[in-house]
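Here is a report on strand order, helix packing, charged pairs and surface. Keep the chain in view while reading.

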Amino acid sequence: MLVLAAARGACARELADFAREAFARDGVTVQLTPKDLAGVSFFEARANGETLGWAFSTWVTVHSVGYSGQPVDIFVALDPAMKIAAAELMRQDEPILIIGISKEQLDHFVAGLKGLDIAGLGWLSTPGGGRRADALAGATVSSSVFRDAVVRSSRLVARAVGVLGGGKILREPFEPADWRALETQGAISRRRVLGREFAEQVGAAPDDPDQLLLEAYAALATPAGIGRNLFGRHIYESLSGTIGAEDNLLFVGSRGLLSILGGDWRNSGLFERLALVQDGRTIRLTKAMHRDLDVLATPDAPDMRERGLFILPASSGFDPAKPFRLALMLTRNAPDREPQRATFFLDAQLPGAYIAPAPSEEPALWMEIWRARSAEVAVLLAMLAALFGILLLQDRLVENLRLYKQTRIVFLGLTLVFLGLYAKAQLSVVQVVTFIHALRGEFKWELFLLDPMIFILWGFVALAMLFWGRGVFCGWLCPFGALQELLNEAARRMGVRQWEPPWGLHERLGMIKYLVFLGVFAISLNSMDAAFRAAEAEPFKTVFALHFMRAAPFVLYAAATLAAGLFVRRAFCRYLCPLGGALALPARLRIFEWLKRRPQCGRECRQCAVKCPVQAINPQGAISPNECIYCLNCQAMYHDAKVCKGLAGREARRQAMEAMIASVKQKEAGHD
C-alpha cells in the first residue's frame with residue numbers, strides 16, 4: 001500500500017480498522033483510500049461521494065517522540081471541520097507513565113481530545129481563555145507532548161489536503177500526468193447534476209430522474225504540474241509569461257445538456273452562470289479574465305461541450321492555498337414553461353503537494369509551557385538566586401549560628417513545599433538515564449525544555465557541581481532530602497534516639513547507591529522500560545507526584561525510607577539514592593575548595609566529623625565530596641570557638657600573648 005509503505009511504528013491494517021470505526025455511520029459503508037500528498041501519508045474516508053475525514057498516525061506524519069525521546073504513536077481521525085473525530089494511543093514508552101498512571105487513565109486522556117478544534121485554538125487555552133484538560137495529573141509534561149503530537153500531525157494533514165491554508169503555492173514542480181492521474185491526486189474536481197437534483201431545487205417533478213444535465217470540471221492550473229499537463233507546454237508557458245507573479249489560472253469545463261458559460265458574457269462582460277466563492281466572499285468572473293481554450297493536451301480527457309480558462313488577478317483576493325467553491329447558476333429552458341433556475345456548487349482545492357508548508361504561527365510547545373508556568377519559574381529563580389547568595393557569603397552566614405540554622409530550616413521548608421509538593425520539581429535518576437541515551441541517539445533540546453522547573457534545576461545543579469560539588473543539590477534543593485531532614489529534626493526534638501552506623505559499616509553501606517545507579521543504567525542499555533521500573537528504587541514519585549495514592553508496595557517502601565530517616569539522619573540519601581550516586585561520580589571535578597579545614601581537624605579535634613549529619617568527614621578529618629551535602633554545619637563549627645578546638649586553641653594563645661604583653665608593659669612601667 002502506497003500510503004503506509006514506509007510506516008514505522010504503525011500498522012496499516014490497524015489504522016484502517018481505526019478509521020472505519022471512527023467514521024462509522026449507520027447503514028453506510030466507509031470507503032478508505034490511501035493518500036500520499038506532499039510527503040504526508042494518510043487514509044481518506046468517504047461514503048456516498050462525501051468526504052468524512054482523514055485518518056493517520058502521528059509517528060508516520062511527524063515522527064512524534066515523548067519526553068523520554070522514545071517514539072509515541074497515536075492514531076488520529078480528523079473531520080472536514082478540522083476537529084478531532086477520534087484519537088487512540090497505540091504506543092508510548094514514557095518513564096513517568098510506566099508505573100503509577102494506569103493504561104485506562106492514559107487512554108481516556110487521549111480519547112478525550114475528540115472534538116478539539118485544531119484550526120483556531122491555542123495550544124493550552126480555550127477561545128474564552130480558560131484552560132482545557134490538556135494534561136494528565138502525575139504526567140503533565142508527557143501528556144502535553146501527546147496533545148502536541150495530535151495537533152501538529154492534524155495540521156500537517158489538513159494542509160496537505162487543503163482544508164487548512166496559509167501557505168504559498170509551488171508553481172515550478174512538474175511531472176507528466178494524464179487526466180486520470182490529475183483526478184486521482186485531487187487536482188481536478190468534478191460535479192455531476194442529475195435530473196432529480198435539479199427538479200428538487202426548483203420544486204418540480206423530474207422529466208427523467210437519471211438524466212445527466214451537467215458534469216462540470218474545475219482545476220486551479222497555476223502550478224506547472226497541473227497547467228502544463230492540461231494545456232501543453234507552449235500554451236502554459238505563454239500564459240505564465242503574460243500574467244502577474246501572484247495571479248492564478250483557473251480551468252473550467254463541462255459536458256451535458258446545460259451550459260455553464262452561456263453566451264451573454266460577450267455583450268455584458270460578466271459570466272452570469274459562474275462565480276467563485278471563498279471564505280464567504282464571492283468573486284465574479286468577467287470577460288477580461290477569460291481566455292479561449294479550444295483543446296486540452298491530455299489525450300484521455302473527457303469530451304466536453306465547453307472549455308474555459310480564467311486568469312484570477314491577485315487584486316481579486318483569491319487565495320490559491322485555500323479551498324474554494326465554483327457556483328454553477330444553471331438555467332433550464334422549455335417551450336411550454338418558464339425558465340427554471342437552480343444553483344449548485346463544485347467544491348475544489350489545490351492538492352497539498354503544490355502548497356509549501358506555511359510558517360508555523362503557533363509557538364513551540366515548550367515556549368507555551370514556560371509561559372503558562374512563568375510564576376513558578378519566577379519563584380524558582382528567586383530561590384536559586386538566594387541560594388547562590390548563601391553559598392557566596394557562607395562564611396558571614398555561619399558566623400551567626402542562630403541565623404544560619406533559621407535560614408537553613410526555612411529554605412528546606414520552601415524546597416519541600418514549593419519544589420516538591422506544589423511544583424513537583426523533584427530531580428530523578430530517570431532524567432539522568434534519559435539524558436545519557438539522548439546523547440547516544442538523536443538529541444533534541446526541545447524535549448528537555450518541556451519541563452521548565454526540571455530544566456532550570458538541572459542547569460543550576462550543573463553549575464553548582466563545577467563550583468561547589470554535588471552537595472548543593474542534595475543538601476538544599478532535593479525535596480525528598482529536605483523531607484527526611486525536617487522529619488529527623490522533629491524526631492530529635494521529640495527525643496527519638498538516634499543511631500550513627502560505625503565508620504566501617506557506613507563506608508560499606510555507602511556503596512549501595514552506586515550499585516543501584518549502575519544497575520539502572522546497565523538495565524537501560526537493554527530495556528528502557530525495565531530501567532524505568534528499576535528506578536522505582538527512588539520513592540520520589542510516590543511521595544510527590546502521586547501523594548502516596550498508588551499500590552501498597554510502593555507506599556510501604558516510601559514510608560519505610562522515611563521511617564528509617566527518623567533514626568538515621570538522611571538514611572536514604574546516604575545509602576540508597578541512585579541519583580545521589582550518579583551525581584557523586586563527577587563530584588571531584590569541582591573547581592574550588594570552599595569548605596575550610598584546620599590542621600587540628602582529625603588529629604586533635606573530631607567535632608565536625610562526629611556532628612556531620614551524613615558522616616561525610618572521615619576519621620582523618622578530610623571531607624568526602626562524594627558524600628558531602630554542603631549543609632555548612634562543619635563551617636558553623638569552624639567559626640565557633642566554643643566547639644572548634646583549633647579555633648579555641650588559637651584564641652587561648654592569643655589571650656595568653658595579650659596577657660604576656662600586658663605584663664611586660666606593666667613591669668616596664670614599674671621600672672620607670
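The report takes the sheets, then the salt bridges, then a surface patch.

## Basis

The model is predicted: local features need pLDDT of at least 70, side-chain atom pairs count only at pLDDT 80 or more, and totals for chains, interfaces and linings use all residues. Residues are numbered from 1 along each chain as its sequence is written, and side-chain values use heavy atoms, without hydrogens and water.

## Five-stranded sheet

An open sheet of 5 strands runs in the order β6-β7-β8-β12-β11. Its pairing is antiparallel. Two strands pair if DSSP finds at least two bridges between them. Strands are DSSP E runs of at least two residues; helices are H or I runs of at least four; both are numbered from the N terminus. β6 (189-194) and β11 (290-292) stand at the edges with a single partner strand each, so one side of each has no neighbour in the sheet. On average, neighbouring strands are turned by 20° against each other, direction ignored. Axes here are lines fitted to C-alpha atoms, for helices over the stretch in contact; angles run from 0 to 180 degrees between N-to-C directions.

Arg-291 stands opposite Leu-309 in β12. Helix α7 (residues 195-202) lies across β6 and β7 (212-220). The helix runs at about 70° to β6.

## Four-stranded sheet

A further open sheet has 4 strands in the order β10-β9-β13-β14, again with antiparallel pairing. Its edge strands are β10 (281-286) and β14 (337-348), each pairing on one side only. Neighbouring strands of this sheet are turned by 30° against each other on average, direction ignored.

Within it, β9 (residues 270-278) and β13 (residues 324-334) pair in the antiparallel sense over 4 bridges. Leu-274 has Leu-328 in β13 as its bridge partner. α7 packs on this sheet too, touching β13 and β14 (contact means heavy atoms within 4.5 Å). The direction of α7 makes about 115° with that of β14.

## Salt bridges

The whole structure holds 24 salt bridges. Each is a side-chain nitrogen of Lys or Arg within 4 Å of a carboxyl oxygen of Asp or Glu. Arg-190 and Glu-215 form one of them, at 3.7 Å, N to O. Arg-190 lies in β6 and Glu-215 in β7, so the pair ties together parts that are 25 residues apart in sequence. Which of the two is buried? Glu-215 is, at 0% relative accessible area; Arg-190 is partly exposed at 48%. Buried means under 20%, exposed over 50%, partly exposed in between (1.4 Å probe, protein chains only).

Glu-197 and Arg-191 meet at 3.2 Å, N to O. Glu-197 is partly exposed at 23%, and so is Arg-191 at 22%. Arg-550 and Glu-536 also form a salt bridge, their closest N and O atoms 3.2 Å apart. Arg-550 sits in the loop between α23 (540-545) and α24 (552-567), and Glu-536 in the loop between α22 (528-534) and α23, so the pair ties parts 14 residues apart in sequence. Arg-550 is buried at 14%. Glu-536 is buried at 15%. Salt bridges with shared partners join Arg-190, Arg-192, Glu-215 and Arg-255 into one network.

## Nonpolar patch

Met-657, Met-660, Ile-661 and Val-664 make a nonpolar surface patch of about 350 Å². Patches consist of residues with over 30% relative accessible area and no salt bridge; like charges are joined within 9 Å, nonpolar side chains (Val, Leu, Ile, Met, Phe, Trp, Tyr) within 5 Å. Met-657 lies in helix α29 (residues 645-671). Met-657 is partly exposed, at 43% relative accessibility.

Conventions. Accessible areas come from the Shrake-Rupley method with a 1.4 Å probe; for residues, only the protein chains shown count as cover.
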